[in-house]
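Let's take a walk through a protein structure together.

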Amino acid sequence: MTEMLSGGDMLIRSLQDEGVEYIFGYPGGSALHIYDAIFRQQKIEHILVRHEQAATHMADGYARSIGKPGVVLVTSGPGATNAITGIATAYMDSIPMVVIAGQVPRDLIGTDAFQETDMVGISRPVVKHSFMVRDASEIPGIVKKAFHIATTGRPGPVVIDVPKDTTDPAETFEYNYPDSVNLRSYRPAYEGDMGQVKAAVAAILEAKRPVFYVGGGVIQADAKDSLRALVRAVGAPVASTLMGLGAYPGTDELSLGMLGMHGTYEANMAMDDTDLVIALGARFDDRVTNNPDKFSPKAKIIHMDIDPASIDKIVDSHIALVGDAQWVIEAIWAEYQSQVKARSVQQSESQAQYLADWWQQLNGWRKDHGLNHGLKPEQGKAILPQLAVQTLYRVTKGEAFVSSDVGQHQMFAAQYYHFDEPRRWINSGGLGTMGFGLPAAMGVQMGSPQAVVACVTGEGSFMMNMQELSTCLQYGLPIKIINLNNQALGMVKQWQDMQYGGRHSQSSYSDSLPDFKTLVEAFGHVGVKVSDATELDAAMEWAFSEENKKRLVFVDVWVDPHEHVYPMAIKGGAMRDMILSKTQTSGSSS
Amino acid sequence: MRAILAVLLENEAGALSRVVGLFAQRNYNIETLTVAPTEDHTLSRLTLTTSGDQDRITQIIKHLDRLVEVVSVINLCAEEHVERELLLVKVRAVGDARQEVKRSADVFRGQIVDVTSDTYTVQLVGPSQKLDAFISAIGDNGEEATILEVVRSGVSGMGRGNRVLSA
């Protein structure tokens, strides 16, 4: 017997049938029939946030950390517009998300009704796709399509705009959730081209100084095992993008760490000197390449991406591979095994020699200007933000999920916390959204209730979504917030120091900061302020101690406000052109 | 480089706005745009002219193809093709110019589709350059012939021979 359900009930039932565990949302007039449907069921838990932006970041953090799509529910008008920043954040980093927005009833659309906004229109540039429900009977089919589109190919956010009258409890429809989706206009590539795979392997075997350039696409495709097998078989170094950290283990000797604007010296030098870039699930972002005309000048470029539009967008590739990272990397690995077998002893020996020479060069760079991971607290001296991240790394044994906001603290976290597993590093790479860190950490904790979750933030970013401390109390989320407090918008200030003669225009508020310990206590949590380097260890140990296992702890670390993030790419230069410290540069300008 | 992009698109509300939005968002220009349902009413066919170097045209095609509602897209200019545009032009023509305008219309194989004592409305079909040439020829007739109004349909086109754009 087919069930007869209202539009609102069909919507929630469809989400249940899609296997949704959590909805992150905030109610309002146009969404109330849907909220009533939520009230009358048990399967899906709704998480009530304090601001819709936070709902989207929570769904996003949930999705990034466990690989399932995040689901958001907001009302029309301001509810919908508040969600836009989070949708754009997910779009830029290709995160699967389904955002359901209430809309005014169909007969009021276009009349400037109360809380009406054209959500499909306003979100269009920042969604993978969107739907407007025109008839309640379409709801199950639209939900199925939305999840299919959000999670396949290059993932991304999908918006469903739901006019209130299509969820009216008074009207019921036959409910059937479709088993499959067939969209003639949407068939993302999965398998790569074997001819290109063969060409890629031949190029790898010819290369003398190859480097893997690994991005978030490898993580999205859950291709870490294939990646690791391939890298180890080839024996070439791995430079990771900000989004790709953890795909290859950060502590492995073949890892050069992060590349790009604030990448390591050795990673950027390797990219400049290499004769073969093997780009896997990365998109040659401007924060990676610096000046694309000077990018890897001696190299042949293999570019693998699931999105054909990423290929040849910024940097022309010699060998293009469109397909799923898992499929393609495994195919390259298998082809590599067979081509290696066919090689003569002499060929293999000379290949080994080239790689040995390359590693000698790489290790030399690492020795000369690599990051100092052995910082020690010095009495009476300001706390270096790098030391705070290093301490966090040690205390959490490198196993925490770490979310971050945007700015200096984000770069320090990326540089000094070595991620050995994918989906542990949760940050807004593409859009660079301040206010992302706390709600994203909350989404991570919802998805992995037993995990240790830290949010490395700065006081500027934290204050953009700190209202969520209240949500953390409501749902008992024991997040550890590590606030690298430099009493200023650190990255803005760094640029002003370097490019604007030290004129700190609107980047400081040091005389008006709240006392964060008291602030979090007012929200029902605990906090500690650390301003002496010698107290850092104890404070961090306490934050992650058994005593605080079930509590949110805020560690307010007062760091050296004058510290800059280095290395830093020299604008318009090649990847070897870096500022290494306040007094040192490298590359053609040194 | 000029490109004529032929796009098959799901005939759904909002699909056209995604195509137009893409061009604005990525700083591509649209020179002409024409769209109508095909013999299969679930599909619309859109013809769009733009320009840019080869890399840019390739990116535009890839981004169009990425839109969920775009079923297929080709650049007609990449191969032999037929292109046509419809022009309606209303000309004020008096005195000697009345004969001149009529003669020009004949030379260009245009048709006079409406007439008053001092105006002609001429319909002309052809490649865009032919339409441009006609407009400039009419304009050369001095003060006795003045263009009052011009409307152009934008380019439509198809590949020559067996080449077919299908879903």
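This is a predicted model: local features need pLDDT of at least 70, side-chain atom pairs count only at pLDDT 80 or more; totals for chains, interfaces and linings use all residues.

**Inside the cores**

Leaving aside residues up to four places away in sequence, A:I302 touches A:A200, A:A203, A:I204, A:L276, A:V277, A:I278, A:A279, A:I319 and A:L321. It belongs to the largest nonpolar core, which has 62 residues. Along with A:I302, the members that touch the most others are A:F212, A:Y213, A:L227, A:M271 and A:I329. There is also a second, separate core of 51 residues, with A:M58, A:A83, A:Y91 and A:L438 among them.

Next, look at a pair of helices. Two packed helices are described by the angle between their axes and the distance between the axes. In chain A, the axes of helix 1 (residues 7-17) and helix 6 (residues 139-151) come within 9 Å and cross at roughly 30°. Angles under 35 degrees count as roughly parallel, and helix 1 of chain A and helix 6 of chain A are therefore roughly parallel to each other. Their crossing is right-handed. Where do they meet? A:G7, A:M10, A:L11, A:S14 and A:L15 from helix 1 of chain A meet A:I139, A:P140, A:V143 and A:F147 from helix 6 of chain A.

Now move to chain B, which has four helices and nine strands. Along the sequence they follow the pattern β-α-β-β-α-β-β-α-β-β-α-β-β. Chain B is divided into domain 1 (2-78) and domain 2 (82-152), and the C-alpha centres of these domains lie 31 Å apart. Of the 167 residues of chain B, 43% count as buried.

Definitions and conventions:
Residues are numbered from 1 along each chain as its sequence is written. Chains are lettered from A and ligands numbered from 1 in the order in which they are written. Side-chain values use heavy atoms; hydrogens and water are left out. A nonpolar core is a set of buried Ala, Val, Leu, Ile, Met, Phe, Trp, Tyr and Cys residues joined through side-chain atoms within 4.5 Å. Buried means under 20% relative accessible area, exposed over 50%, partly exposed in between (1.4 Å probe, protein chains only). Contact means heavy atoms within 4.5 Å. Domain bounds come from an automatic or database domain assignment. Axes are lines fitted to C-alpha atoms, for helices over the stretch in contact, and angles run from 0 to 180 degrees between N-to-C directions. Helices (H or I, at least four residues) and strands (E, at least two) are DSSP runs, numbered from the N terminus. Angles under 35 degrees count as roughly parallel, over 145 as roughly antiparallel, 65 to 115 as roughly perpendicular and the rest as oblique. A crossing is left-handed if the near helix is turned anticlockwise from the far one by less than a right angle, and right-handed if clockwise.
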